[in-house]
Amino acid sequence: MLKIGDRYLCIYGATGGGLGGGHAGRILTMWNKTLDPKSPDFKWTEAVEVCASDGMEDQDAIDPGLLLDPTTGRLWVSYGTYFGTIRLIELDPKTGYRVSGNKEKDIAIDCEATDLIYRDGWYYLLGTHGTCCDGVNSTYNIVVGRAKSVEGPYLDNVGRDMFHGGGKMVIAAGDRVCGPGHFGRTIIDEGVEIMSCHYEADFNQGGRSVLGIRPLLWKNDWPVAGERFKGGTFEIASERRGYSLELAVDFVRMKQERQGWFNREQMQQPVKPVPNQTLDEVKDGWPQGDIALRCGDFMFRPHQLWTVTPVADGGGFLGGPYCKIVIAGTDRALTATADLELTTKPSFTGAPEQLWRIEQLTDGTFRIMPKQIPGREGLNTRYVIYSAGDSTPTLAEYDFSTDNSKWSFRLP
């Protein structure tokens, strides 16, 4: 499905697909003014065939993917399965018909369910490689090649042509799910992208096929699936300088038997590990009410350790649930304020200003934004935790172009 102007173009495959479907496939297009079935304008035009396979040739006309080239306005379709080649044809973006005289071009093999995307001067062909339809034994994975022309050749990161079986891995099995296939891309914001796929089998769901949504990262201009954020206990480090988010409390020195040049016998003495400073050793010195925040050198101290937990009834966004962020071992919760600042409250109440949207950015870092700003209506989609200075965290408008908007979650 693709919106072109004020209409929606739907493209789909009929029959084919191998196995019980044979290889005689047809790809068709049709238009609608709206996707709202309750609208009086909801009516699909008569479907038009744009290509087909006869069941005898080495090709299977199903699984179409659309690309409206932002540089030329031309409309392209990739299609095909493992039972032959992946082909490219051109459609008229005004009619949805095949361009007169257009001849299909073979651009890849050994994949199916392809998708075309354009980014920063490159055309990317993503295809699903491996075996499907076998539950926990399915080896589906998604691979990619890229080209400077939409017509290819599509080469992978080591120069292999996808027409000769090349392809760089985007996502494979992991996290007790296997068989990812049928890539889809959604741009949420500048530097915030997600990818969708289906998994052939989820081990935790009895081997059922499930929908997968993962962050989409771009590493050296290659797409790769990020990891689902599951929570845990972390240092939260600013990309601005590398300082870590912490409570604005006194730094408590740890006792240690001094080592150095003045202890000439230290090499003959047994090594005694130094235990981490504990919460019980310092928490009584903290204020009882709200505690402000700052950023400082990370020293794996209790006032710098944060536990992030998805909140089951806190709602969610496209990509994950909202989370609470508390000082590890306590219920002291990170909280947004009405004046676009940050504080910590003595306890987590589930208020929307204590729920946090955590999204991995295309460069692998994260943005952290409160669900709602007190006193403002609606969900917050603009303000993130922001480094106004090396040691000064605040809330400010998200800006992907600056490291002030970006954070990393590091295991202590």
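User: Where in the chain is Cys 133 found?
Analyst: Cys 133 is found in the loop between strand E10 (122-129) and E11. Strands here are DSSP runs of E with at least two residues, while helices are runs of H or I with at least four, and both are numbered from the N terminus. Please keep in mind that this is a predicted model, where local features need pLDDT of at least 70, side-chain atom pairs count only at pLDDT 80 or more, and totals for chains, interfaces and linings use all residues. Residues are numbered from 1 along each chain as its sequence is written, and side-chain values use heavy atoms, with hydrogens and water left out.

User: Why is Cys 133 called exposed?
Analyst: Its relative accessibility is 55%, and exposed means over 50%, buried under 20% and partly exposed in between, with a 1.4 Å probe and protein chains only. Cys 133 therefore counts as exposed. Its backbone also deserves a look: Cys 133 has a positive phi of about 65° although it is not a glycine.

User: What makes Ala 113 count as buried?
Analyst: Ala 113 has a relative accessibility of 5%, so it falls on the buried side of the cut-off. This residue is found in strand E9 (residues 112-119). Ala 113 is not a glycine either, and its phi is positive, about 50°.

User: What makes the peptide bond from Gly 152 to Pro 153 stand out?
Analyst: That bond is cis, with omega near 5°. You will find Pro 153 in the loop between strand E11 (141-147) and strand E12 (168-171).

User: Why is the pair of Phe 298 and Phe 300 called edge-to-face?
Analyst: A pair of aromatic rings is described by the distance of the centres and the angle of the planes. Rings of Phe, Tyr and Trp (its six-membered ring) pair if their centres lie within 6.5 Å; planes under 30 degrees apart are stacked, over 60 edge-to-face and the rest tilted. Under this rule there are 11 aromatic pairs. For Phe 298 and Phe 300 the centres are 6.1 Å apart and the planes stand at 70°, so the pair is edge-to-face. With a relative accessible area of 21%, Phe 298 is partly exposed, and at 44% Phe 300 counts as partly exposed too.

User: Which residues do ring pairs link into a cluster?
Analyst: The cluster holds Phe 229, Phe 234, Phe 366 and Phe 409.

User: How do you know that the charged end of Lys 148 sits over the ring of Trp 122?
Analyst: The rule asks for NZ of Lys or CZ of Arg within 6 Å of the ring centre and within 35 degrees of the ring normal. The charged end of Lys 148 is 4.2 Å from the centre of the Trp 122 ring and sits over it. Likewise, the charged end of Arg 367 sits over the ring of Tyr 398, 4.5 Å from its centre.

User: What makes Trp 222 buried, and which residues is it in contact with?
Analyst: Its relative accessible area is 8%, so Trp 222 is buried. Trp 222 is in strand E16 (residues 222-225). Leaving aside neighbours within four places in sequence, its contacts (heavy atoms within 4.5 Å) include Tyr 124, Val 144, Leu 155 and Leu 217.

User: How many strands does the chain have, and how much of it is buried?
Analyst: The chain has 30 strands and one helix. Buried residues make up 48% of its 412 residues.
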